[in-house]
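Could you walk me through this structure, one selection at a time? I have it open in my viewer and would like to know what to click on next.

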Amino acid sequence: MATSGYSWTEFPTREALAGALAGAVAEKLAAAIDRRGGGLLAVSGGTTPGRFFEALSTRDIAWDKVTVTLVDERFVPPSSPRSNAALVTDRLLRNAASAARFMPLYQAAENAAEAASQAEAQLATLNWPLDAAILGMGTDGHTASFFPDADALSTLLDPAGARAVLPVNAASAGEPRLTLSMGRLVGAGFLALHIEGAEKRAVFEAAMEGNDKKPVRAVIEASPQPVGVFWAP
Ligand SMILES: O=C1O[C@H](COP(=O)(O)O)[C@@H](O)[C@H](O)[C@H]1O
């Protein structure tokens, strides 16, 4: 399956997907290190990326020249089982990848808006654009923290917005969120969507075909290059 907006690659197993995605990301990071002296990677949280993180963590690249940040984060401290930062620390920043620098989005601020401003200031020190960004997707069609019921969704989905990090409030999200902006995500040299299982495949296909535009489709449509969709049953 392929459109101008995305390329679809399916794998027989989740392990095979994790290995292939890890290989593709490691290649992009190694090329960035050669080209500009360092690599910048943004990864998603949730339940899906653990296997991919473990595969990537063993890839032999100059991890001491790589900065890892998050596509999005729940407004919870790293001690929370819902922390995306904790997932990255436990499953990615190990083995060879323990040498990477991690820039979390969560800040111990009074609220998500303040945390987003603080994260924005910290991320301004990085060497943009992202070399690779790996998105996930929820069964509601959200990706990053672009939830279908988020306040000011059109602002969140605006690729021309000036911000790098935005606060998100959505009733369905569980807690306030922080997300990289659409502009920073679709500016990545390599943008992939990692989804697994029949339900997410059906959600993705419906989002791409239906009139009810889900946020995942907005990202695909905003991307100047085809998004690589990696799927396994
Ligand atoms: O809340 C989130 O959900 C999505 C999808 O998570 P999954 O558990 O269905 O894999 C994830 O991509 C995002 O980073 C996370 O904050």
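Two strands count as paired if DSSP finds at least two bridges between them. Keep that in mind as we start, and remember that this is a predicted model.

**Stop 1: strand β10**

Select residues 227-232, which make up strand β10. This strand is mostly covered: six of its six residues are buried. Now show the side chains. Val227, Val229 and Trp231 point one way, while Gly228, Phe230 and Ala232 point the other way.

Next, bring in the neighbours. Strand β9 (191-196) runs parallel to β10, and five bridges join them. Here Ile195 stands opposite Trp231 of β10. Strand β1 (6-10) also pairs with β10 in the parallel sense, over five bridges. On that side, Glu10 has Trp231 as its bridge partner.

**Stop 2**

Which residues are linked into a cluster by ring pairs? Select Tyr6, Trp8, Phe204 and Trp231 to see them.

A search of the whole structure finds six aromatic pairs. For one of them, select Phe11 and Phe230: the ring centres are 5.9 Å apart and the planes are at 10 degrees, so the pair is stacked. Phe11 sits in the loop between β1 and α1 (14-36), and Phe230 is in β10, so this pair ties together parts that are 219 residues apart in sequence. Phe11 is buried, with a relative accessible area of 15%, and Phe230 is buried too, at 10%.

Compare that with Phe52 and Phe53. Their ring centres are 5.6 Å apart and their planes are at 45 degrees, so the pair is tilted. Phe52 is buried, with 0% relative accessible area, and Phe53 also counts as buried at 0%.

**Stop 3: helix α8**

Select residues 215-222, helix α8. How many of its eight residues are buried? Six of them are, so the helix is mostly covered because buried means under 20% relative accessible area. The buried residues are Pro215, Val216, Arg217, Ala218, Val219 and Ile220. To see what covers them, show β1, β6 (132-135), α6 (182-186), β9, α7 (198-209) and β10, which are among the covering elements.

**Stop 4**

Now select β4 (72-74) and β7 (165-168), together with β8 (177-180). These three strands form an open sheet in the order β4-β8-β7, with antiparallel pairing. β4 and β7 stand at the edges with a single partner strand each, so one side of each is left without a neighbour in the sheet. From one strand to the next, the twist averages 20 degrees.

Look closely at β4 and β8, which pair in the antiparallel sense over three bridges. There, Arg74 stands opposite Arg177 in β8.

**Stop 5: Trp128 and its surroundings**

Select Trp128 and Arg184. The charged end of Arg184 sits over the ring of Trp128, 4.6 Å from its centre. Now follow the backbone from Trp128 to Pro129: this peptide bond is cis, with omega near 5 degrees. Pro129 is in the loop between α4 and β6.

**Stop 6: two positive phi angles**

Which residues other than glycine can you select to see a positive phi? One is Asn95, with phi near 50 degrees, in the loop between α3 (84-91) and β5 (101-103). Another is Ala144, with phi of about 50 degrees, in the loop between β6 and α5 (153-156). Asn95 is partly exposed, with a relative accessible area of 45%, whereas Ala144 is buried, at 5%.

**Last stop: the annotated span**

Finally, select residues 13-220. An unreviewed UniProt entry places the feature "domain: Glucosamine/galactosamine-6-phosphate isomerase" here. The end C-alpha atoms of this span lie 24 Å apart, and the span is 38% helix and 16% strand.

Notes: Residues numbered from 1 in each chain as written. Predicted model: local features only at pLDDT ≥ 70, side-chain atom pairs only at ≥ 80, totals over all residues. Heavy atoms only, no water. Phe/Tyr/Trp six-rings, centres within 6.5 Å; stacked < 30°, edge-to-face > 60°. Helix = DSSP H or I, 4+ residues; strand = E, 2+ residues; numbered from the N terminus. Buried < 20%, exposed > 50% of the residue type's maximum accessible area, 1.4 Å probe, protein only. Lys NZ or Arg CZ within 6 Å of the ring centre and 35° of its normal. Axes fitted to C-alpha atoms, helices over the stretch in contact; angles between N-to-C directions. Contact = heavy atoms within 4.5 Å. UniProt positions renumbered as here; feature names shortened; annotations may be inferred.
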